[in-house]
Each structure stands twice: as C-alpha cells, then as structure tokens.
Amino acid sequence: MSHRLFITLSCLALVLFAGRLHAREGSYFQQDVLYKIEALLSPETNCLYGHYTLFYTNNSPDTLAHIYIHLYPNAYNNPNSELDREMTPDNIGLSSVYFAPDHDRGFIDHLDFRSPMQEIHPHEVAPDITMLKLTRPLPPGEQLEIRTPFRVKIPAMGYSRMGRKGENYQVTQWFPKPAVYDMNGWHPMSNRNIGEYYGEFGTFQFTLMVPQSHTTASTGVPIHEEPWEEQHLPHWDAPEDVENQPYKTIRIKAKNVHTFAWFSGKDYHKISQDVTVKGVEDHITLNLVVPKSSENNQLKSSNLLQVAHDALSFFSEKIGPYPYPQLTILESPGGAGGGMEYPMLLVIDKEIDGRFREIVTVHEIAHMWFYGALGFNERSHPWMDEGLTTLYEILYMENRYPEEDLQKLLFGYNVPISIFGLDNLKYRDIAYLSYSLFGVKDMDKPSTLHTNEYSPLEYFAHTYYKAALQLYYFRSLVGSEAFDIFMQGFYQEWMFKHPHPDVFFRDLEDHFPEHGPWFINNMLTTDHNANYRIGRVSRKGDSIRVRLRNKGTLDAPFVLQYVNTNGDTIDQKIPGFSESKSIVLDADKNTHIHLDPYEHLPEMSRDNNFYRGDQLFSRIPDLEPRWLYRIPTPGKKYLLHTPVIGYNAPNSFMPGWLFYNDPLYSHPLHFRLMPMFSTSNDKLVGEGRVQFRTYPKNRNNNLDYLELSFYGKRYAYDIVELSERDRHLFYNKLRTSINLSWTPRHTLFTHHQHRLGLHAHYFEVESRPNFPNWPFWISYSPRTYLVLEGDYQFSREQVNHDQQLNLNIQHAPKNSKISAEWNYRLRYNQRNHGLEVRAFAGYFFTHQSTANPDMRFRLNAWSGRQDYLFDHTALDRTFHGNSRVLKHQVIYNDGGFISPFPAYQSWDHLYALNIYSDFPLPLPIGAFFNVGGCPLAPALQKDNPEVVWEAGLAVSVARKHFRIFFPLVNSQEDYRPTTEHIRFTLDLDVFSTQLNITDRQAMLGF
C-alpha cells in the first residue's frame, strides 16, 4: 500500500467514524422490554419455580447479533464472581460468598432460553452474565420473544441485598435481566454490593404464587388476588408437596420501571394509607410492611407514613411529581445494609431506630427520582444517583429541621452533654466531615469516576458526600430557585429514560452559561479543592486592605462577610482566584471578617477563615483543651487529652495523662505526648511521638504518603535487688524514622500495599552490675548505642487469603544482619478461622558476640528482655521476673518457637517454619507446629541436632494479637511439658497505633 493511499483511506475512515459517532450522540434511543413472569415460592426448598417470557424490541439504529442477559442469583454461588471478590476484609460487615455453606448459597438454573422466531445459543461471559447469540440478528424496529423456565434458589440473608431469614424473603435482582444497550453499546455488569445496576425501562406482568399465610410487598400495583390452581403455572417444576399447601395467586403490573423486586413472608404486618401530594394529580397509596414481632408497630407506622408523605411532598415540589401510584416501605427482618431502594419500594433495616429511621427513609425515597424515574447508569456514574440523592436528603433535613443541630437530629433532646461537639454542627456537616477525611490529606479523587476506581471508603466519601457538597455549593452559587427550575426541567425531559452525564452537563451549561462550564470542568469532574485564608489586614485611609490567599487548587467564588464602619453586616461576593488577591473594605481594623460564613464552599480547612480585629491574635484560631475528642470547629484548635493508666512489672502501675491533636483531620503534623508516673520507683516515665506526614497531590506514581517521625520513651526495664533498697534500671530511647508507602492503583478489587522505612534508634540503657551486692547509691553508668535499620513490607489481601513479606536489615557497631519473614493466612470460613504459615530466615554479615546490643537470632520467640530495640510493649523485661504470669509473654519474632531451646541462638544464620491452624469449631482453639534450626547448636553440644521441632495446642482469642500456647511435644527426648512452658502473645501496640487514613484496617475501626 502506498503512503498516499494509506493517508487517503485513513482520512476517509476518520470521517466515517466521526459521522457515525455524531449520529449516535445526536439521536437518543431506548430499547423496550415487556416481561411476563410466573413464579411460585416454595418455603420448603427456599426456591422460586416459574416461567419467564421477554419481549425485547430493538429501537436502536443497529442490528443486534446477540443480547446480554444478567443472571444475578448466580453471583451467590461462585467464588469467582465479582460479588465474592468484592467482599474482602476491607468491606466491613459483609459476609463472603466464598465461605457460604451450600445451603446458604443462591443461584438460578433450569434455564432453557428459546424463541419461537429463531434458535438461541447461550454463551457464559461471567458467572452471572450470559450472552444469547442469535442465529438471525435482530434488525432495528423488530421484536424478539425469549422464553425460559427457571428455578431460583434464594440465598440466606447477609451476603447481599437478596436473601431469606426464616420464612421471610427478599427477592431482588432475581430474574433473567437483559443488559442495557444504548448509544455507548452494551452494558453487561455483574452483581455487586457497592454500586447499583443499570436496567431497561419496561412493563412487568407478574403472576406470583405464595403461601396464603404470607404478606407480600412489591414493585408495581397488585391487580387482584385469587386462590391458586395448578393450571396457573403450566411449566413449573416445584416439589410435589406444594400441591397440598394452601397457596394464593397475586397478579401485579408495573409500568416504566427498570427492575422488579418483591418481599414475602409470614411474619409481616401491612398498613396502607392513601395520601394526596401537591403537584401529583391522583392520590398515592402508602404501604408500610413491618415484622409482626416489632414493638410499637402502630407508633412506628404513623411516624414512617408521615415521614413518607412529607418527603414525597418535598421532593415533588423541588424535583417534579412523584411518578408512581404507590410507595411501599418495608422493614427487613434480616438487615438491608441500612436501606435500599427499588421502584415503588424501599427497604430499611428494622434495627434502625429513632431519627436514623427517618434519615434512611428520606434518602431511599429520594432515590425514587434519582435512579428510579431517572435511570442513570449508576455503576459507571454513581455520583448521578447517590450525589443527587444525598443533596436532596440534605435539603429535606435542613428544611424540615432548620434550627436543630446535628446532635439533636441524631440523638434527640435527652442527651445532657455535648458528644464530641456535635451540637456545633449542622446536618450537612456529615457530608463535609466524611469527604474532608480524604480531602484534608490531598487524597481526594474526582467524584465522577467509575465505581471500580474507588476503594470502599472512597466510594461513599466521594460519590455520596463530595458530589452532594459540590452540587449544594453550585445551588447556592446560582440561586436555589434557579437550580430547582433547572432540575424540574431536566426531570421532565428525561423521566423514564437513561440520561448520560454528558446531557446533564450540556443542559447545565445551557441553563447556567456563567457558572455551569466552570463548575463542570474545574470542580465537579476534578480533584481540585479550595482552601482560602485571610491574610494580612492593613489600614488604607478610612478603609482597610485585606489580603486573601488561595492555598488550594480551585478558584471558586465565595462570600466574604464583614462589619462595616456603620456597624452593618455586609456579604460581599468574591470571584474565584488563584494564589492571592487584595480587596479594600469599608471597615476599620477592629472589624470582624468571616470568609464563607454560610459554609457553602467545601473547603479543606476552615480554621483560617476568620479575622477578629478586636483580639490580640486576630487570625489565629482559639486553642481549647478538650477531653478525649472534639470534631473540628471553624476558628478553633483543640488540644485533646485523656487520663491513662499503664502497668508493667518494673514500673508497676503508671497513672498518667495523654495529650494529642486530632488524629483524623490534623495535617500534616500529628503529635502524642504521654507523661506517666511510675508508682514503683516514684519517677517520671512515658513516651511521645511527633509525626510529619505529607500526602502527594499528584498520585499518578501511586505514592500514598511520605512521613518523618520522632519517637521517644523512658521506662524502667529491670530491678536489681539490693540489701539497702532495690535499684530500678532505666532505658531512654529516641527513634527517628522516614517512612514511605505506595499502593498500585488502589481500587475496589486491588488490595496491595508497599511500605519502606529507614530508622535510627539511639539508646541510653543502665546496665546491670556484675557484682550482686553493688551499693544502690553507686552510679550505674548507662551504655549508649546506635542501631540503624531499614525495612520493607509488601502486603496483599484477598477474600480467602492474605500474604505479607517483610525484609529487615540492621546495623550496629560490629554487627550487621538481614532477615526475611513471609506470612500467609488461608481463611477457612466466615468466622475467620484459618491456616497460618510463617517462614523466617536471618543471616549476619558481620558480628561480634561481645558487642552491644545483643542482636543474636533466636529460635525461640522473644521474651521482653530480648527485645533489644525496645520496640514492643512488654509486660515484664526484668532479668529474673517476679511475676509468674507476665514473664510468659513472648514477642513473635525470629524462630517463633514456644518450647525452651536456649542453645539455638545464632551469630551466623537461623531459619524456621511456623504453622498454626484453627480447628473448624465454634471455639477459639487450634494447633501449632514449628520446625527450624541454626548451625551453632551442634557446635555448643554435639548431641544438639541442627534441626528441631515442636507441636502443641493454642487458644486464639484475637489471632496473633492475643494467643496462648500450650506446647505438648518436641524433638528433645527428655522434654516434659509443664505449666512453666505455657506462653502467650499480647500485642498491645496495635491499640496505640496512630490512626491514619491510609491504614485501611485502622480506618475500618473508625
């Protein structure tokens, strides 16, 4: 092919492609679906049996060679499904399909897809997605009929939204559901907990057969109810005993819905009420379905029905008329993840009480508009659903309770004290605090990403809260009435359709040409954030000049409020700017200035938004001591504190006080100071830490943070018993560390993390004298030494197993060594029982056995005395140890052996393999086996083999954090286990770890 011909054909192809793309973008189309489904529910087998008919009309300009069908129940039966991979330890509170017993799993089978028009060939794409290949492609404008029998096994509750508990059933995302085909092609998507679905709008004609004792609730409107007869379901395959059970048939119809959910059970009580809503022509039937066992059903019913009516009225006025003839609220007896919405139907967890019931109900009702009538692709663009819904939830709560603070909203009026400062917050601050947890550390992302591009915590912080805050700000910028008019027009135009973000952006720009393009391109779709501050204030004649600075990356307009020379409060609109800007105000230097006084702008820091000219420190936030914790308040800095008490053998009880700054929202400095008083020696002891941590704004290199920290502590570690008076020996430690963490594109399905650290440990340690009767008043000169350390850690978490690799290198005068440790944990079941495998190997490059500190590798797990870096919290470090219990604490290092092998200590190399397994019982009991050795043991005594082993039982209270070992047998011929050989691990350091946003397990405890 000649160069000229290649260029000509390339240009022609580009023109044709551009024309095709323009045609697809310019002409909206929507497929049409009609379902006829007959289903019988059998409590005996927890299955649905029935027949399914789909009439699929191709309204697109394309000829379709295949149709994707979702088989969502199969996600509950396959460890390779996305639903299973999603349920890692990060997803707190969720059970994993991987560990589900067979009787708890769900599936859909007995499928036989056929069409009276042509042959259909199913082809599995994913465990819960199949592709129906058509022998005769479906042209534009034609309809295809697809039929199949089916059986759906309903899983136990707790794995996701669909489930059963007792004889109560939540049947959601259960039928063969075609994927959406729109201007961007097919959208097959697997069943998931995080992120919703995307379905074609259509009509359902549903025949449901349930036991007569059941109460049902569903999408759609029941047409009539009649006794069941076998001929109602001609293609069923249910158990024979169904024929002898009292059943009833319910016929239901639903129009303009994209899915169909229903609930049925014998333990429900149903209350109905017809209401009128302003702007809605016909009355709306409200149904409340609650478990019969619920207390105060009547009171709950009246409250929730009134909440539903108020919410329907508010949203109908602000967005547009409620589009359906009825709304059903159902309390789930087995949990619903808080709440979940379906067309005309919402479910809330029956355990939610008080004002939380109202909040969840209001949120799910708002979903009737966003994702119900406006069928967004919530998996690809979750912000359109959750962001808009959360925005209107906030607007409702502010309208309904304009004077109530957050504490009253959440906990009522009967709380006599302030809970962490909640009484200073508004309802909207829930969104602000959730989002700024990431934003204050420059770890935020655009709120408009695909679901898969967020970790679980990021998903909620950004798609719910950040998007809602941004939309709330834009509404305040353009005016609430103008924004409401825009949303009403958008709703009317796209009701029962699939609006893409592009059309929302286009309409927003057309309606708000001044602010719309800036909002979309500079705020909504970016990770830019604003951080304005008031700078220097100087006199300028009869006025003042105010220097404003923008420390952020977003040049957003805001309001500046001040008191002028006449004493009037003035709101002045300031256009957005970058870096700095000076303005002149008609005020004197004693005025008060407040930047963004109504807190519409989601700034990352509001501490520097104040100027108080009548105060000595006019721009410095007030410093206040607060007990335990205080949620950040604009204009204030808190010194947090709390009493503490500690104990170890040489120091006895140590009462003290802990001082610290905000562990969640302070950036970049964190500090913790804990002075304590040792009651055994009347000396001041304790520890402290200062940490500087920076989170890079540009995270394309996957860098999480860079940290510089200083840590010091002083405690007594030993006691010398003297005739005059016991002498306590102290150690002082100072550690300087540089730590680096990076994560390869942390998303919902990837859980890898790398950490690299460089540390310098400096010690002053008082030595035990060589003479037992050395007078107590003689000075015990401390020995000083420095240890340099480098470590690297790689960790990976998956649904059924975790892995961790640790590499460590240490250098002290005359001693240099390296070690490697690999940990693997395979989980057996949902109770987190598992098999643990640990391999350790260490090697000395250089050594001198007489040098300090004693850095030998040891086959045994360390006692507190062998922790030469004083890194761990040990209850007894004394040489002899007065406590028969505390001295049995071990630190799981080096060889990790429990039985005594004192000869197996090495200045050369050492290796070990440790295996622990829980028993698959409801008791925390397991067994361990250790094997390892070192070359010096035979040299010390020729009868010592190089390789030794041991085995025994263990009680695992909190996995490795608290485990008691009972060694029973080992390779020593004369070994006889006694109570003296019992050891335990107690990892107290896990409770003192500084809480950091990047430490995902710590965050999940928050």
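Buried means under 20% relative accessible area, exposed over 50%, and partly exposed in between, with a 1.4 Å probe and protein chains only. Helices (H or I, at least four residues) and strands (E, at least two) are DSSP runs numbered from the N terminus.

**Entry 1: ground rules.** I noted that this is a predicted model, where local features need pLDDT of at least 70, side-chain atom pairs count only at pLDDT 80 or more, and totals for chains, interfaces and linings use all residues. Residues are numbered from 1 along each chain as its sequence is written, and side-chain values use heavy atoms, with hydrogens and water left out.

**Entry 2: the whole chain.** I looked up the secondary structure and found 13 helices and 48 strands. The chain has 1006 residues, and 55% of them are buried. I then turned to contact, which means heavy atoms within 4.5 Å. Among contacts between residues at least 6 apart in sequence, 65% join residues at least 24 apart.

**Entry 3: helix α11.** Which residues of α11 are buried? I listed Gly 516, Trp 518, Phe 519, Ile 520, Met 523 and Leu 524. These buried residues pack against α5, α8 and α10.

**Entry 4: helix α10.** Helix α10 covers residues 501–511, and its buried residues are Pro 501, Val 503, Phe 504, Phe 505, Asp 507 and Leu 508. They pack against α5, α8, α9 (480–494) and α11 (516–524).

**Entry 5: α5 against α8.** Two packed helices are described by the angle between their axes and the distance between the axes. Axes are lines fitted to C-alpha atoms, for helices over the stretch in contact, and angles run from 0 to 180 degrees between N-to-C directions. The axes of α5 (residues 382–400) and α8 (residues 456–478) come within 7 Å and cross at roughly 60 degrees. That makes α5 oblique to α8. Here angles under 35 degrees count as roughly parallel, over 145 as roughly antiparallel, 65 to 115 as roughly perpendicular and the rest as oblique.

I also checked the handedness: α5 passes α8 in a right-handed crossing. A crossing is left-handed if the near helix is turned anticlockwise from the far one by less than a right angle, and right-handed if clockwise. The α5 side of the contact includes Trp 383, Leu 391 and Ile 394, and the α8 side includes Tyr 464, Leu 471 and Arg 475. By class, this contact of α5 with α8 has 13 nonpolar, three polar and three charged residues. Ala, Val, Leu, Ile, Met, Phe, Trp, Tyr, Cys and Pro count as nonpolar, Asp, Glu, Lys and Arg as charged, and the others, Gly among them, as polar.

**Entry 6: α5 against α9.** These two helices pack at an angle of about 135 degrees, with their axes 14 Å apart. They are therefore oblique to each other. The crossing of α5 and α9 is left-handed. Leu 388, Leu 391 and Tyr 392 of α5 make the contact with Phe 483, Asp 484 and Met 487 of α9. By class I noted five nonpolar, no polar and one charged residues in the contact of α5 with α9.

**Entry 7: nonpolar cores.** A nonpolar core is a set of buried Ala, Val, Leu, Ile, Met, Phe, Trp, Tyr and Cys residues joined through side-chain atoms within 4.5 Å. The largest one has 208 residues, and Trp 174, Trp 262, Phe 315, Tyr 322 and Trp 369 touch the most other members. Helix α8 gives the largest share of this core, ten residues. I followed Trp 369: not counting residues up to four places away in sequence, its contacts include Leu 312, Phe 315, Tyr 322 and Tyr 491. A second, separate core of ten residues includes Ala 261, Tyr 268, Met 340 and Val 347.

**Entry 8: backbone exceptions.** Most residues other than glycine have a negative phi, and most peptide bonds are trans. In the loop between α4 (355–366) and α5 I found Tyr 371, whose phi is near 100 degrees. At 5% relative accessibility, Tyr 371 counts as buried. Asp 596 has a phi near 55 degrees, also a positive value, and sits in the loop between β28 (592–595) and β29 (610–612). The peptide bond from His 667 to Pro 668 is cis, with omega near 5 degrees.

Entry 9: Is Asn 531 buried or exposed? Asn 531 is buried, with a relative accessible area of 13%. Ser 863 is partly exposed at 23%, and touches Gln 889 and Ile 891, not counting residues up to four places away in sequence.
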